[in-house]
Amino acid sequence: MNFIPYGKQSIDEDDIKAIVETLKSDFLTTGPKIKEFEENLANYCNAKYCVVVSNGTAALHLASLVLLNENDKVLTTPNSFLATSNSILYAKAKPIFVDIYWDGNINLDLCEEELKKDASIKAIYVVHFSGNPVNQEKLKYLKERYNIKILEDCAHSIGASFDGVKAGSCANSDCSILSFHPVKHITTAEGGAITTNSKELYEKLLCRARFELLPNHGSESPFHSVPDSLCLP
Ligand SMILES: Cc1ncc(COP(=O)(O)O)c(C=O)c1O
């Protein structure tokens, strides 16, 4: 029987050449290619900053640790890979599921109803489901009107845009996450990234990604620098 594959990556000779170059270089991890990839991703998405991590789940985890506080209430979608809502739990915050529109995206009108009822809600985590971005005008309105944090889960949507606003550009959000698992649009085998336009958020993410969560044992990377004041003791 012929099954439709769950995913099938396309790896060409240029990809193989680039991998061999890295294998022959001095850095197999946390080297200059990381910085190059981060800059290219930020440029492509129209965001100011980018931090790459080991996968999309780690990107969500890290972003949640930086964005949320314990017990924060976060509106999110039930129609996603479990990493989206799990990341809220990793930060000891509380996911509140809001129903979806017919197109699979979180219903932003229902989000507004929740925000009207409960002024203590701190954030919305949206997923641009299957490459179909949520309405950016509505996102902008909710962010400004209710002064909430917004994370865009762009694991399925690099390259997509809504009325000219590119997925990952964070035009109307605090940060976005990307996944490079082989079933996604581009792959690094496992891989993920966070984009943001906030320098402060970027430095906090970088601090946690490079110096605390990844196995750098507190040592500095020669390719990134962040103020000591932002790092945990
Ligand atoms: C919407 C969404 N967010 C996050 C993730 C997590 O990405 P990763 O598999 O790279 O950890 C996925 C993975 O399928 C996803 O579909």
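Me: How should I read a contact, and which residues does Leu-151 touch, not counting residues up to four places away in sequence?

Reply: A contact means heavy atoms within 4.5 Å. With residues up to four places away in sequence left out, Leu-151 touches Leu-60, Ala-63, Leu-67, Ile-124, Tyr-125, Val-126, Cys-175 and Ile-177. The model is predicted, so local features need pLDDT of at least 70 and side-chain atom pairs count only at pLDDT 80 or more, while totals for chains, interfaces and linings use all residues. Residues are numbered from 1 along each chain as its sequence is written, and side-chain values use heavy atoms, with hydrogens and water left out.

Me: What is the largest nonpolar core, and which residues have the most contacts inside it?

Reply: In soluble globular proteins, nonpolar side chains tend to be buried together. A nonpolar core is a set of buried Ala, Val, Leu, Ile, Met, Phe, Trp, Tyr and Cys residues joined through side-chain atoms within 4.5 Å; buried means under 20% relative accessible area, exposed over 50%, and partly exposed in between (1.4 Å probe, protein chains only). Here the largest core has 27 residues, and Leu-68, Leu-151 and Ile-177 have the most contacts inside it. Two or more residues each come from β1 (49–53), α3 (56–67), α4 (83–90), β4 (121–127), β8 (175–179) and α7 (199–213). These labels refer to DSSP runs numbered from the N terminus: helices (H or I, at least four residues) and strands (E, at least two). Helix α3 gives the most to this core, with six residues. A second, separate core has 15 residues, including Cys-111, Val-134, Leu-139 and Leu-142.

Me: Is Gln-136 buried or exposed, and which side chain does a polar contact join to that of Gln-136?

Reply: Gln-136 is found in helix α6 (residues 136–146). Because its relative accessibility is 4%, Gln-136 counts as buried. A polar contact is a pair of N or O atoms within 3.5 Å; within protein, one must be able to donate a hydrogen and the other to accept it, and residues adjacent in sequence count only if both atoms are side-chain atoms. One of 3.0 Å joins the side chains of Gln-136 and Glu-152. Beyond its neighbours within four places in sequence, Gln-136 is in contact with His-128, Glu-152, Phe-162, Val-165 and Asn-172.

Me: Which residues come nearest to the ligand?

Reply: A residue is near a molecule or strand if one of its heavy atoms lies within 4 Å of it. Of the 14 residues around the ligand, Gly-56, Thr-57, Asp-153, His-156 and Ser-179 come nearest. A polar backbone atom of Gly-56 is 2.8 Å from an oxygen atom of the ligand, and an N or O atom in the side chain of Thr-57 is 2.6 Å from an oxygen atom of the ligand. A nitrogen atom of the ligand lies 2.7 Å from a polar side-chain atom of Asp-153.

Me: How many aromatic pairs does the structure hold?

Reply: Rings of Phe, Tyr and Trp (its six-membered ring) pair if their centres lie within 6.5 Å; planes under 30 degrees apart count as stacked, over 60 as edge-to-face and the rest as tilted. The structure holds two such pairs. Phe-37 and Phe-180 form a tilted pair, 5.4 Å centre to centre, with 55° between the planes. Phe-37 is in helix α2 (residues 32–45) and Phe-180 in the loop between β8 and β9 (192–196), 143 residues apart. Phe-37 is partly exposed at 26% relative accessible area, whereas Phe-180 is buried at 1%. Tyr-49 and Tyr-202 form a stacked pair, 4.7 Å centre to centre, with 15° between the planes. Tyr-49 lies in strand β1 and Tyr-202 in helix α7, so this pair ties together parts that are 153 residues apart in sequence.
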